Amino acid sequence: MKLYSGMINEIKNREMKLFRDRKRKRLYNKDFTILASDCNGTFMYHDMGLPFLSPTINLTIGMNDFVKMLENLEWYMQQDIVELKGDYKYPAGNLGGIKINFVHYESFDEGVLKWNERKERINWDNLFIVGSEKSGCTYETIQRFERLPYENKVILTHVDYPEFKSAYYIKGFEDRDEMGTTINYKKQFFKRRYLDDFDYVTFLNHGVMRGKR
């Protein structure tokens with residue numbers, strides 16, 4: 001039984017690698033900055049085997065704060081992050097009133113160091129914005145996101161919002177109040193994350209795209 005299970009896992013892993021390789025071959029826009037509210041942007045860079053040209057790597061920002069930051073992005077990128085003291089699950093910082101959760105860093109200092117290094121790599125001429133309908137995101141938040149002055153932006157949502165050009169509906173979270181964890185794997189034979197339902201290669205090559213119907 002263990003041998004059979006091992007063979008099945010090997011097949012799944014090889015197929016997933018081929019799936020990722022096919023996506024990498026399709027990508028021709030390779031010098032871009034993804035600003036994301038959670039780890040979706042990090043996984044897009046990782047899948048494509050590209051360097052992190054963004055400060056929003058391995059961290060999360062609540063959607064209302066994320067939109068607020070994007071409404072005055074250049075100013076926020078000039079501000080220092082001040083450590084937030086308190087009983088937080090992860091190291092956290094205050095960026096001009098924006099709460100940064102350094103969820104995949106051992107310390108606040110490490111998170112700030114990487115933030116400062118990567119914000120210097122931002123390609124201001126090739127920005128892609130990726131939000132997620134969670135962490136305090138309301139209908140009004142999506143409206144504000146829609147009005148952001150960025151051509152290439154998407155917010156992944158748990159239900160369909162046909163009235164918003166930037167909303168992309170990911171199936172599987174309709175029974176929840178918000179978007180779930182899109183980097184989790186779905187329950188099916190071949191390994192696919194919910195994030196894989198969003199063709200982010202086409203998004204990165206061509207910009208905004210509509211969600212599923």
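**A close look at one strand**

Strand E5, residues 127-132, is mostly covered, with 6 of its 6 residues buried. Buried here is under 20% relative accessible area, exposed is over 50%, and partly exposed lies in between, using a 1.4 Å probe and protein chains only. Strands (E, at least two residues) and helices (H or I, at least four) are DSSP runs numbered from the N terminus.

Keep in mind that this is a predicted model: local features need pLDDT of at least 70, side-chain atom pairs count only at pLDDT 80 or more, and totals for chains, interfaces and linings use all residues. Residues are numbered from 1 along each chain as its sequence is written, and side-chain values use heavy atoms, with hydrogens and water left out.

Back to E5. Both of its faces are covered: Leu127, Ile129 and Gly131 are buried on one side, and Phe128, Val130 and Ser132 are buried on the other.

Now for its partners. Two strands pair if DSSP finds at least two bridges between them. Strand E1 (residues 33-36) runs parallel to E5 and is joined to it by 4 bridges; Val130 in E5 is the bridge partner of Ala36. E5 also pairs with strand E6 (residues 153-157), again in the parallel sense and over 4 bridges, and here Ile129 stands opposite Lys153. To get from E5 to E6, the chain passes through helix H6 (residues 139-147), in a right-handed β-α-β crossover. Right-handed means that, with the strands pointing away from the viewer, the path from the first strand over the helix to the second runs clockwise.

A pair of aromatic rings is described by the distance of the centres and the angle of the planes. Rings of Phe, Tyr and Trp (its six-membered ring) pair if their centres lie within 6.5 Å; planes under 30 degrees apart count as stacked, over 60 as edge-to-face, and the rest as tilted. The structure holds 14 such pairs. Phe128 and Phe203 are both buried. Another pair, Tyr161 with Phe164, is tilted, at 6.1 Å and 50 degrees, and both of those residues are buried as well. Phe128 also belongs to one aromatic cluster, together with Phe32, Tyr45, Phe52, Tyr168, Phe198 and Phe203.

Elsewhere, there is an open sheet of 3 strands, ordered E2-E3-E4, with antiparallel pairing. E2 (81-83) and E4 (98-101) stand at its edges with a single partner strand each, so one side of each has no neighbour in the sheet. E2 and E3 (residues 92-95) pair over 3 bridges in the antiparallel sense, with Ile81 opposite Leu95.

One last thing, on charges over rings: NZ of Lys or CZ of Arg must be within 6 Å of the ring centre and within 35 degrees of the ring normal. Arg192 lies over the face of Phe19, 3.7 Å from the ring centre, and Lys12 lies over the face of Phe189, at 5.1 Å.
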